[in-house]
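Let's take a friendly walk through this model together. Please keep the sequence and the coordinates open beside you as you read.

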Amino acid sequence: MLVAIPAYREEKSIGPVVAAIKRKFPYDVLVVNDGSPDGTSAAAKRAGAIVLDLPCNLGIGGAVQTAFLFARESGYDALVRIDGDGQHEIDDIPPVLEPILSGDADASIGSRFLGETEYRVSLPRIFGIRFFRVLVNLITGYRVTDPTSGFFAINRRLIEFYSFHYPSDYPEVDAYILMHRIGARTMEVPVRMHARAEGKSSITTFGALYYMVKVTFSFLINAIRRFG
Amino acid sequence: MSRVTFLSVCMSVALLFYILEMVRRRRLREEYSILWLCGSLVILILSVKREWLEGLSLAAGIAYPPSFLFLVGILFIILILIHFSIAISKLHQMNKKIAQELALMQQERSSPGGPAAAPDRDTPATDPGDALKQQG
């Protein structure tokens, strides 16, 4: 079991996150440092993580895919991906992992909107999430509540598939069509999310429109692409 | 439909399908195709909607509406070229850094105990200025 954390400029939050996981669970922790110029790498190593330092910034998808490659090469059967900024509740790792270990799903995705939630989202973000929910449901038939969630667990089959095919930026929504194309079984699990301890969202207001256009476009293209 | 309309509709539709097919086959990445697609869509729309083209060219002070299409085409080509120049510069920077990291790693591996292997490198070699250069 591998917990994978992509990190870019998170020297303040990465240490406590890694240390907390190490203290509570017997899992290996991998931090993929996406070319951060700050002390992210050193902080992660000090807290006991395996650290992969990318020599330059690949963006979130490229960093996460590096973790999939590592998991594939090292023979892990399951992988949980969480954020390094303290946004995801590490006590939710076992429930997210559970459907993978029991074999009930190929991918298990943590959702902020299932169950009781105190998570507040801004209006434009709600609009974006609604839009992607409909898009995912229309094309794949998957019923999802939180299509942009970056808190998920996958089994060996998806680790291997994603090692070859994973979007390089804004990968979460796109991942649904990839999973649909190979007939993966997905499941959502309620999770709690915190306001960020440090750092800011990778999505700026300026980039929001580009995000919508790019994700929608590559989603639709992936619907007619050949995989193999 | 005038001949010039027919010509520009044909060309923009052909370009649109060619770009889409290249993206589908992974010969062209999505992020590099978006400007091409926008450009050909705008030209297609203006070719079909003759009255929009006439309105726009009138507003821009262009007497012959179809030449407004050329202007739009050139504008998109300039945007695409700027986009490419930026992308190439970024790739150049990344390529240099990867080559340098690789050289350092090979040196560390071939001479254990050598000067480069002695201090425990626990932060990656990164230029502090990168914080400004790198975004996503």
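Of the 228 residues in chain A, 58% are buried, where buried means under 20% relative accessible area, exposed over 50% and partly exposed in between, with a 1.4 Å probe and protein chains only. This is a predicted model, in which local features need pLDDT of at least 70, side-chain atom pairs count only at pLDDT 80 or more, and totals for chains, interfaces and linings use all residues. Residues are numbered from 1 along each chain as its sequence is written, chains are lettered from A and ligands numbered from 1 in the order in which they are written, and side-chain values use heavy atoms, leaving out hydrogens and water.

Chain A holds eight helices and seven strands; these are DSSP runs numbered from the N terminus, helices being H or I with at least four residues and strands E with at least two. Its seven strands form an open, mixed sheet in the order E3-E2-E1-E4-E6-E5-E7, two strands being paired if DSSP finds at least two bridges between them. Strand E3 (50-53) and strand E7 (186-190) of chain A are the edges: each has a single partner strand, so one side of each lacks a neighbour in the sheet. From one strand to the next, the twist averages 20°, with axes fitted as lines to C-alpha atoms (for helices, over the stretch in contact) and angles running from 0 to 180 degrees between N-to-C directions.

Look next at strand E2 (residues 28-33) of chain A, which runs parallel to E3(A) and is joined to it by four bridges. Here Leu30(A) stands opposite Ile50(A) of E3(A). Helix H4 (residues 93-101) of chain A packs on the sheet, where it touches E4, strand E5 (107-111), E6 and E7 of chain A, at about 25° to the direction of E6(A).

Where does Met179(A) sit? Met179(A) belongs to helix H7 (residues 171-181) of chain A, and counts as buried because its relative accessible area is 3%. Beyond its neighbours within four places in sequence, the contacts of Met179(A) include Ile109(A), Tyr162(A) and Thr186(A), contact meaning heavy atoms within 4.5 Å. Met179(A) and Tyr162(A) are 17 residues apart along the chain, and their C-alpha atoms are separated by 9.4 Å.

Now turn to chain B. Ile86(B) lies in helix H4 (residues 66-110) of chain B, and counts as exposed because its relative accessibility is 55%.
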